[in-house]
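Subject: Handover of a model and notes on it

Dear colleague,

I am passing on the structure we spoke about, together with the notes I made while going through it.

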Amino acid sequence: MRDVLYLEQIEQAEALLKPQRIEVLRQLAEPRTCTEVAARLGQTPQRVYYHVKRLVEAGLVEQVSERKVRGIHEGIYQAGARSYWLSPRLVGRIGLRKAQDELSLGYLLDLMEEVQSDIAALDRTAPELPSVGVSGEIRVPPEQRQEFLNDLQTVLRDLFTRYGGAEGDTFKLAVACYPKGEDRE
């Protein structure tokens with residue numbers, strides 16, 4: 001394992017945009033399986049494997065060995081470095097591709113499907129289900145549309161930055177903003 005990995009590729013930097021991936025990377029300072037990392041983070045092995053796979057693809061994690069557990073091959077992974085430095089030329093470019101994806105109708109449809117699936121999986125018999133739903137309409141003049149979208153992204157980015165750590169209860173936040181079609185009667 002290197003002491004420092006200098007990130008010069010945008011794909012590497014974008015792989016670290018999810019706070020959960022950073023937590024997985026921290027756990028992989030020592031060689032571990034996805035099952036071991038999942039147990040430490042209170043996640044499912046499948047969810048951790050998804051993030052590990054993305055980190056491997058970005059060259060930030062490598063499979064250092066493999067073992068056979070109950071007839072299944074299980075990879076043992078380790079972070080590629082103890083710390084990561086971001087190339088100054090990438091600053092300001094990170095997330096542009098993701099932001100473009102987030103502006104597509106396909107992304108919005110996938111998001112709604114994910115929200116439906118998450119809500120269906122909630123334990124409705126739980127004595128307390130802290131949740132909030134908000135729906136409304138905002139009217140924005142065409143010349144202020146970009147300013148509105150930038151403000152919305154800034155507010156959400158601030159929330160994710162402030163509450164995006166690894167401690168505490170996990171809440172899923174999904175916000176959809178789209179032009180309202182004609183009123184249906």
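Predicted model: local features only at pLDDT ≥ 70, side-chain atom pairs only at ≥ 80, totals over all residues.

Residues are numbered from 1 along each chain as its sequence is written, and side-chain values use heavy atoms, with hydrogens and water left out.

The chain as a whole

The protein chain contains seven helices and five strands, where helices (H or I, at least four residues) and strands (E, at least two) are DSSP runs numbered from the N terminus. Along the sequence, these elements follow the pattern β-α-α-β-α-α-β-β-β-α-α-α. Of the 185 residues of the chain, 22% count as buried, a term that stands for under 20% relative accessible area, with exposed being over 50% and partly exposed in between (1.4 Å probe, protein chains only). Among contacts (heavy atoms within 4.5 Å) between residues at least 6 apart in sequence, 66% join residues at least 24 apart.

Three strands form an open sheet in the order 2-4-3, with antiparallel pairing. Strand 2 (32-33) and strand 3 are at the edges and have a single partner strand each, so one side of each lacks a neighbour in the sheet. Two strands are taken to pair if DSSP finds at least two bridges between them. By that criterion strand 3 (residues 61-69) pairs with strand 4 (residues 72-79) in the antiparallel sense over eight bridges, whereas strand 2 and strand 4 pair, also in the antiparallel sense, over two bridges. Ser65 stands opposite Ile76 in strand 4, Val69 has Ile72 of strand 4 as its bridge partner, and Arg32 is bridged to Tyr77 in strand 4. Six of the eight residues of strand 4 are buried, so strand 4 is largely enclosed by the rest of the structure.

Two residues to look at

Arg70 is found in the loop between strand 3 and strand 4, a hairpin with two residues between the strands. The phi of Arg70 is near 50 degrees, which is a positive value in a residue other than glycine, and at 82% relative accessibility Arg70 counts as exposed.

Val56 has its place in helix 4 and, with a relative accessibility of 33%, counts as partly exposed. If residues up to four places away in sequence are not counted, Val56 touches Val61 and Tyr77. The C-alpha atoms of Val56 and Ala15 are separated by 9.6 Å, although the two residues are 41 residues apart along the chain.

Helix packing

Two packed helices are described by the angle between their axes and the distance between the axes. Here the axes are lines fitted to C-alpha atoms, for helices over the stretch in contact, and the angles run from 0 to 180 degrees between N-to-C directions.

The axes of helix 3 (residues 34-41) and helix 4 (residues 45-57) come within 8 Å and cross at roughly 115 degrees. That makes helix 3 roughly perpendicular to helix 4, on a scale where angles under 35 degrees count as roughly parallel, over 145 as roughly antiparallel, 65 to 115 as roughly perpendicular and the rest as oblique. Cys34, Thr35, Val37 and Ala38 of helix 3 make the contact with Pro45, Val48, Tyr49 and Val52 of helix 4. The residues of this contact divide into seven nonpolar, one polar and no charged, where Ala, Val, Leu, Ile, Met, Phe, Trp, Tyr, Cys and Pro count as nonpolar, Asp, Glu, Lys and Arg as charged, and the others, Gly among them, as polar.

Helix 2 (residues 19-27) and helix 3 pack at an angle of about 115 degrees, with their axes 10 Å apart. In this contact, Glu23, Val24 and Gln27 of helix 2 meet Val37, Arg40 and Leu41 of helix 3, and the residues divide into three nonpolar, one polar and two charged.

With best regards
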